[in-house]
Amino acid sequence: MRFDTALLAETDPSVYRIDLSERLLSSADKRRAEYVAGRLCARQALHDLTHEAVALGQTAAGPPAWPAGTVGSITHSRGLAAAAVASQTSVAGLGIDAEARIPAARAHRLAPQILVESEREWLATLDSGAASEFVTTAFSLKESLFKALFPLVQRRFYFHDACLVAWDPDHGSAAIELLTTLSSHWPAGRRLAGHIAALDDHLVTLIAAPRPA
Ligand SMILES: CC(C)(COP(=O)(O)OP(=O)(O)OC[C@H]1O[C@@H](n2cnc3c(N)ncnc32)[C@H](O)[C@@H]1OP(=O)(O)O)[C@@H](O)C(=O)NCCC(=O)NCCS
């Protein structure tokens with residue numbers, strides 16, 4: 001969904017039948033608009049999945065409280081919001097993330113914070129256009145990974161705890177490997193497939209965490 005921050009922020013959220021906590025009601029326009037836009041996307045996606053009007057709650061730890069039997073994820077960035085949902089019988093967790101493309105010079109500056117050594121060696125082989133795409137993808141996929149796994153492992157982990165091991169921008173595919181053991185189901189070495197879509201000036205990535213075999 002594309003949205004206008006100023007317009008969405010000034011509209012009474014009850015028009016959209018979305019409850020805002022006291023904290024959100026007093027938050028900045030940008031945050032309020034992003035929250036509402038994300039919830040609208042999630043509601044539509046849940047309706048498409050379940051054919052029911054279901055309400056989405058909020059947890060203290062950050063992720064939305066998805067209705068029983070479903071998993072999902074929300075992202076928002078610069079007037080763009082998106083949500084992905086699935087049945088819990090299909091996947092254990094979902095993570096979606098949208099990032100505006102990071103310009104090459106900034107990508108190189110941010111590399112030490114976002115990339116591990118093998119990724120930085122990979123980055124050094126790329127021209128500036130590919131470098132921007134690579135760092136944006138790695139950043140976004142790692143955020144998607146975090147959103148997919150946090151509700152399952154209930155612990156925070158960071159950019160150096162995972163590593164991009166395959167990247168095929170022409171086909172919108174990638175693979176990411178855990179470098180740290182997060183739980184018995186999510187040990188170091190575990191690889192997950194990632195999906196990448198280009199949307200104007202944004203990249204949108206998605207990770208679906210498979211159910212245990
Ligand atoms: C939580 C985090 C991933 C959100 O990403 P972001 O790019 O800042 O923001 P986005 O708009 O894409 O996503 C925000 C949405 O993520 C969801 N979210 C927040 N915390 C979450 C969590 N712990 N787990 C899953 N989803 C979460 C929420 O739906 C939130 O939107 P809402 O509050 O309006 O409902 C990010 O702030 C963060 O903490 N990153 C550090 C951890 C990390 O990425 N590690 C990399 C591991 S390899």
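Start with the pocket lining: select the residues around the second largest pocket and you'll get seven nonpolar, two polar and four charged ones (Ala, Val, Leu, Ile, Met, Phe, Trp, Tyr, Cys and Pro count as nonpolar, Asp, Glu, Lys and Arg as charged, and the others, Gly among them, as polar). You're looking at a predicted model, where local features need pLDDT of at least 70 and side-chain atom pairs pLDDT 80 or more, while totals for chains, interfaces and linings use all residues. Residues are numbered from 1 along each chain as its sequence is written, and side-chain values use heavy atoms, with hydrogens and water left out.

This pocket has a volume of about 200 Å³ (the space filled by probe spheres set on grid points joined across faces, edges and corners). A pocket here is an open set of points on a 1 Å grid over the protein atoms alone, where a 1.4 Å probe fits, with protein on both sides within 12 Å along at least five of seven lines; lining residues have an atom within 4 Å of a point. Of its 13 lining residues, Glu-99, Ile-102, Arg-106, Leu-110 and Phe-139 are closest to the centre. Now colour α4 (104-114), which gives the largest share of the lining, four residues.

Next, pick the ligand. Its shell holds 22 residues, with Arg-31, Thr-75, His-76, Glu-143 and Lys-147 the closest (a residue is near if one of its heavy atoms lies within 4 Å).

Show α6, the top contributor to the shell with five residues (helices are DSSP runs of H or I, at least four residues, and strands of E, at least two, numbered from the N terminus). Finally, colour by domain (bounds come from an automatic or database assignment): domain 1 (5-90) and domain 2 (99-196) both give residues to the shell, so the ligand lies between them.
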